[in-house]
Number of protein chains: 2
Amino acid sequence: MSKVNVVVGQSGGPTAVINSSLYGVIKESFAHPEEIDKVYGMVNGIQGFIEDRYIDVKHDMTEEEIELLKTTPAAYLGSCRFKLPEEYSDAIYPLIFKKFSEMNIGYFIYIGGNDSMDTVHKLSVYAKKTNSSVRIIGVPKTIDNDLTHTDHSPGFGSAAKYVATTVRDIVMDASVYNADSVTIVELMGRHAGWITAASALARKFENDNPLLIYLPETAFSLDGFIEDVRKALQVNRTLVVCVSEGIKDAEGKFICEYASETSLDNFGHKMLTGCGKYLENVVKERLGIKVRSVELNVNQRCKEMLSSLTDIEEAANAGVYGVKACLNGETGMMVGFERSDENGYHINYVTVDCADVCNQEKEVPAEWILENGKGVTKEFIDYVTPLIQGENIPVMENGLPKYCYRK
Amino acid sequence: MSKVNVVVGQSGGPTAVINSSLYGVIKESFAHPEEIDKVYGMVNGIQGFIEDRYIDVKHDMTEEEIELLKTTPAAYLGSCRFKLPEEYSDAIYPLIFKKFSEMNIGYFIYIGGNDSMDTVHKLSVYAKKTNSSVRIIGVPKTIDNDLTHTDHSPGFGSAAKYVATTVRDIVMDASVYNADSVTIVELMGRHAGWITAASALARKFENDNPLLIYLPETAFSLDGFIEDVRKALQVNRTLVVCVSEGIKDAEGKFICEYASETSLDNFGHKMLTGCGKYLENVVKERLGIKVRSVELNVNQRCKEMLSSLTDIEEAANAGVYGVKACLNGETGMMVGFERSDENGYHINYVTVDCADVCNQEKEVPAEWILENGKGVTKEFIDYVTPLIQGENIPVMENGLPKYCYRK
């Protein structure tokens, strides 16, 4: 069997560990010199690959840079948001496979979320249609944890750890004055509340803050919220509330839309405001109490120094397993996590059909959400706790984390 | 000489290291059993003390809790914002000193910023007036680094490290797409730009982002800013800008005030918006480009896991030195940092007169700000770099930092 080359890409929103998966792909590829020759990295995903933008890892990266990938946030190769056309008759497909052929690509590995798995699926279908031998494999990545057919996705554990530690710090900070106050923390998650649910880990003891947690999976009532806040303040002078950016009312309208509709910027235009800022204004108006909102924003997906070691290791393993799947002749599959908690937390790496994964979203199961819709159950805590274990200490230089980046 | 008791308090906004100073005060007090008996902690500063709210450290804290203080953010004792009256004839003064007498307080140690040093000054003046032997000492604390007569203040190093690492992460995150984009990071600092200036440390190489940094010390021009952004985008597709919350125009009007004046919330009221959000809207309107704003908010002062070990140690030393100053018979003084860079960075702990410190603010010196007003000089980098050295690993439990807190 003649040797083939690997091409690997990163796609969609960055995470703290997407480079760790890239590390896994590179290391495992180079561990099979009999089968694999070069590893190419698409710059800006499939979009850049089409435009002939790629690197040759062995040629363009030093050993040190490859090692640094493990603890470098964001996407070393650059990312894209690019959806392949539905029609396989589109000229883009033969163009891509012509490049595969010219570059002697045998294995195509794509690290990403829903949309990226759609790319993996489509390329694998096209390969089948055209009897191409190129094997197409997806490696999961999303802070949102909304990929189906896997216990969880690389990126989520670090986001969860960031949120849990940061909300714990915010609760400490919010509690110093002997005065009534409300702090609203807006967390990522447009459709699925996994990240917001992880804020429950911040509690140091039962009935600690955050006392109220609202996920997009449950209909949000503004009046109910104000009543919840009023009641909670009767017991605790300091109240910390966590809300998902994607909370919506019973009609399915995003709460943040209410803000945009009614807030005008200085040009008379609608001002895009998060739901946290909106709720801050509502609490101020209705309860006349000291209130602050905090939006954790992109830090949820890029705070390398607060990432989970478990997540980093699993992300690397997922990359490794992606290469193994190619070597085993698989295609059109995504690496999935099969979990066992019998003798302590353990992950089996498997492959699942991308056709089943792409364009779907996994929400927090209803049975893990409290019946009153204001928090999560112990089952969720048991689910998420192993994912945040272990601290990642990046390589430090002069008091700051050292990262690798394309020159 | 008979033994006296110490009373220690925390005041003003919390920081990542104000508890480390408390740790220093407690440990040093207990190291002098011949002179010092009990250590009382005012709950919610002088305000709580007046209301008879305090703890007896030896009785109310375990050894483990005392050790945890070193790496617990916010204010263990609780804080207050309380200014003593200007008139020494006010009944509050004899009330406080009566309590001192009843509790056999010999040393009063107050950890805080400008306003707290005002408290230290006033109490020491009153003690002198009334021939009280109580010694009153201040221990500096402020993330803003605006205290005069000290090279820097505990709290700033950790805020600077948090900002530097976080902006570095945000730059990584912002750079993944092959598209023009602007990210505006709003940082703390209403009157002094120290924290915002520290974002310059985030650069991984010359001409790396953040490419534009605006401090409150320099007049901010909206037209000039838009022109700066336009020019920067001609060279870099990804632009990250750091602005201080307190930037103001040539007339001294805060930029965030423009936003509040022109943004209405859903009740028709002025909406309090930061300058970052305001600038985001202006960039979107005038340049029609993808733009995002990120406000780092309270995380700048409470992110324990990203704090500076140097800062933590200096904060503890400042607490220790505060007790030593009392033992040496000093009063009305604040612990100050005298710096030498001759044979490597070194701090000498000294005392400075609170009368000179209180109600003043130290801005970033004009000679450390670039002439074009869009960044800082190498002198500032040399100044701040030693302050962020060393990583603090808090005690971890189940993947999360373990903190101590009053039950």
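A crossing of two helices is right-handed if the near helix is turned clockwise from the far one by less than a right angle. In this predicted model, that description applies to helix α1 of chain A, which passes helix α13 of chain A in a right-handed crossing.

## Packing of α1 against α13

In chain A, the axes of α1 (residues 18-30) and α13 (residues 309-327) come within 7 Å and cross at roughly 40 degrees. The angle makes α1(A) oblique to α13(A). On the α1(A) side the contact involves A:S20, A:S21, A:Y23, A:G24, A:V25, A:E28 and A:S29, which meet A:I312, A:A315, A:A316, A:G319, A:V320, A:V323 and A:K324 of α13(A). Sorted by class, this contact has 7 nonpolar, 5 polar and 2 charged residues.

In chain B, helix α1 (residues 18-30) and helix α13 (residues 309-327) pack at an angle of about 40 degrees, with their axes 7 Å apart. The two helices are therefore oblique to each other, and the crossing of α1(B) and α13(B) is right-handed. Residues B:S20, B:S21, B:Y23, B:G24, B:V25, B:E28 and B:S29 of α1(B) meet B:I312, B:A315, B:A316, B:G319, B:V320, B:V323 and B:K324 of α13(B). By class, the contact of α1(B) with α13(B) has 7 nonpolar, 5 polar and 2 charged residues.

## Packing of α9 against α11 in chain B

Helix α9 (residues 222-235) and helix α11 (residues 275-287) of chain B have axes that come within 11 Å and cross at roughly 65 degrees. Here α9(B) passes α11(B) in a right-handed crossing. From α9(B), the contact is made by B:L222, B:D223, B:F225, B:I226, B:V229 and B:R230, and from α11(B) by B:Y278, B:L279, B:V282, B:V283, B:R286 and B:L287. These residues divide into 9 nonpolar, no polar and 3 charged.

| Helix pair | Axis separation | Crossing angle |
|---|---|---|
| α1(A) and α13(A) | within 7 Å | roughly 40 degrees |
| α1(B) and α13(B) | 7 Å | about 40 degrees |
| α9(B) and α11(B) | within 11 Å | roughly 65 degrees |

## The interface and salt bridges

The size of an interface is often given as the accessible area lost when the parts come together. Chain B and chain A bury about 6,200 Å² between them, and 58% of that area lies on carbon and sulfur atoms. In this interface, 73 residues of chain B are in contact with 73 residues of chain A.

Side chains of opposite charge can pair when their charged atoms come close. Across the interface of chain B and chain A there are 4 salt bridges. A:R301 forms a salt bridge with B:D173, with the closest N and O atoms 2.7 Å apart.

Over all chains, the structure holds 50 salt bridges. Within chain A, A:D118 forms a salt bridge with A:K122, the closest N and O atoms being 2.8 Å apart. A:D118 and A:K122 are separated by about one helical turn, because they are 4 residues apart in helix α6 (residues 114-129) of chain A.

## Backbone features in loops

Most residues other than glycine have a negative phi, and most peptide bonds are trans. The peptide bond from A:N209 to A:P210 is cis, with omega near 0 degrees. A:P210 lies in the loop between α8 (194-197) and β7 (212-214) of chain A. In chain B, a cis peptide bond joins B:N209 and B:P210, with omega about 0 degrees; B:P210 is found in the loop between α8 (194-197) and β7 (212-214) of chain B.

A:N131, a residue other than glycine, has a positive phi near 55 degrees. The loop between α6 and β5 (135-140) of chain A holds A:N131.

How values were computed. Residues are numbered from 1 along each chain as its sequence is written. Chains are lettered from A and ligands numbered from 1 in the order in which they are written. This is a predicted model: local features need pLDDT of at least 70, side-chain atom pairs count only at pLDDT 80 or more; totals for chains, interfaces and linings use all residues. Side-chain values use heavy atoms; hydrogens and water are left out. Axes are lines fitted to C-alpha atoms, for helices over the stretch in contact, and angles run from 0 to 180 degrees between N-to-C directions. Angles under 35 degrees count as roughly parallel, over 145 as roughly antiparallel, 65 to 115 as roughly perpendicular and the rest as oblique. Contact means heavy atoms within 4.5 Å. Ala, Val, Leu, Ile, Met, Phe, Trp, Tyr, Cys and Pro count as nonpolar, Asp, Glu, Lys and Arg as charged, and the others, Gly among them, as polar. Buried area is the accessible area (1.4 Å probe) that two parts lose on being put together, summed over both. A salt bridge is a side-chain nitrogen of Lys or Arg within 4 Å of a carboxyl oxygen of Asp or Glu.
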